[in-house]
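Please open the model in your viewer and keep the sequence panel beside it. The tour below goes from one selection to the next and says what is to be found at each stop.

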Amino acid sequence: MINTTIHNAKRGSAVPLNAATDEELLERYRQKRDRRAFEEIVSRYQGELFSYLRRYLGDSEMAEDAFQATFLQLHLKCNTFEQGRKLRPWLYTIATSQAIAAQRRNT
């Protein structure tokens, strides 16, 4: 059976992936490389982050590339995420850096 829950020490029980915090999902991905946890993060941010990148870059193709690069960086750097921080601002920092890099490549 596929485990779609996360044990939360604060809550004292198992929490379904879709009810876990972003930080709990990233921790699960970091510790267990649980693909479903990573997919849940992508799903949560897909619309808003892509829209942000499209507005920032003014180009859908560049936004798609920056979006993919953002989540590649999240995967590669998940072990550097500091406990106690929020994922959302960190993810937007990564996305902005990827957008700037995309702009540099395309000028």
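Select Asp 22 and Arg 44 to begin with, whose side chains meet in a salt bridge at 2.7 Å, N to O, the term salt bridge being used here for a side-chain nitrogen of Lys or Arg within 4 Å of a carboxyl oxygen of Asp or Glu. Asp 22 lies in helix α1 (residues 22-32) and Arg 44 in helix α2 (residues 35-57), so the pair ties together parts that are 22 residues apart in sequence. Helices (H or I, at least four residues) and strands (E, at least two) are DSSP runs, numbered from the N terminus. Side chains of opposite charge can pair when their charged atoms come close.

Before going further, please note that this is a predicted model, in which local features need pLDDT of at least 70 and side-chain atom pairs count only at pLDDT 80 or more, while totals for chains, interfaces and linings use all residues. Residues are numbered from 1 along each chain as its sequence is written, and side-chain values use heavy atoms, with hydrogens and water left out.

Buried means under 20% relative accessible area, exposed means over 50%, and partly exposed is in between (1.4 Å probe, protein chains only).

**Salt bridges within one helix**

Next select Arg 30 and Glu 27, whose side chains form a salt bridge with 2.6 Å from N to O. Arg 30 and Glu 27 are three residues apart in helix α1, and are therefore separated by about one helical turn. Arg 30 is buried, its relative accessible area being 16%.

Move on to Arg 35 and Glu 39, another salt bridge, in which the closest N and O atoms are 2.8 Å apart. Both residues lie in helix α2, four residues apart, or about one turn of the helix. An α-helix has 3.6 residues a turn, so residues three or four places apart point the same way. Arg 35 is exposed, with a relative accessible area of 62%, while Glu 39 is partly exposed, with 38%.

Return to α1 and colour its buried residues, which are Asp 22, Glu 24, Leu 25, Leu 26, Arg 28, Tyr 29 and Arg 30. Centre the view on Leu 25, a residue of helix α1 that is buried with a relative accessible area of 0%.

Which residue follows α1 with a positive phi? The residue is Arg 33, with a phi near 50 degrees, although Arg 33 is not a glycine. Arg 33 is found in the loop between α1 and α2, and is partly exposed, with a relative accessible area of 39%.

**Ala 37 in helix α2**

Select Ala 37, which has its place in helix α2 and is buried, with a relative accessible area of 0%. Leaving out residues up to four places away in sequence, Ala 37 touches Leu 17, Leu 25, Arg 28 and Tyr 29, where a contact means heavy atoms within 4.5 Å. Ala 37 and Ala 20, 17 residues apart in sequence, are 9.2 Å apart in space, C-alpha to C-alpha.

**The whole chain**

Finally, zoom out to the whole protein, which has four helices and two strands and follows the pattern β-β-α-α-α-α when read along the sequence. Of its 107 residues, 42% are buried. Among contacts between residues at least 6 apart in sequence, 49% join residues at least 24 apart.
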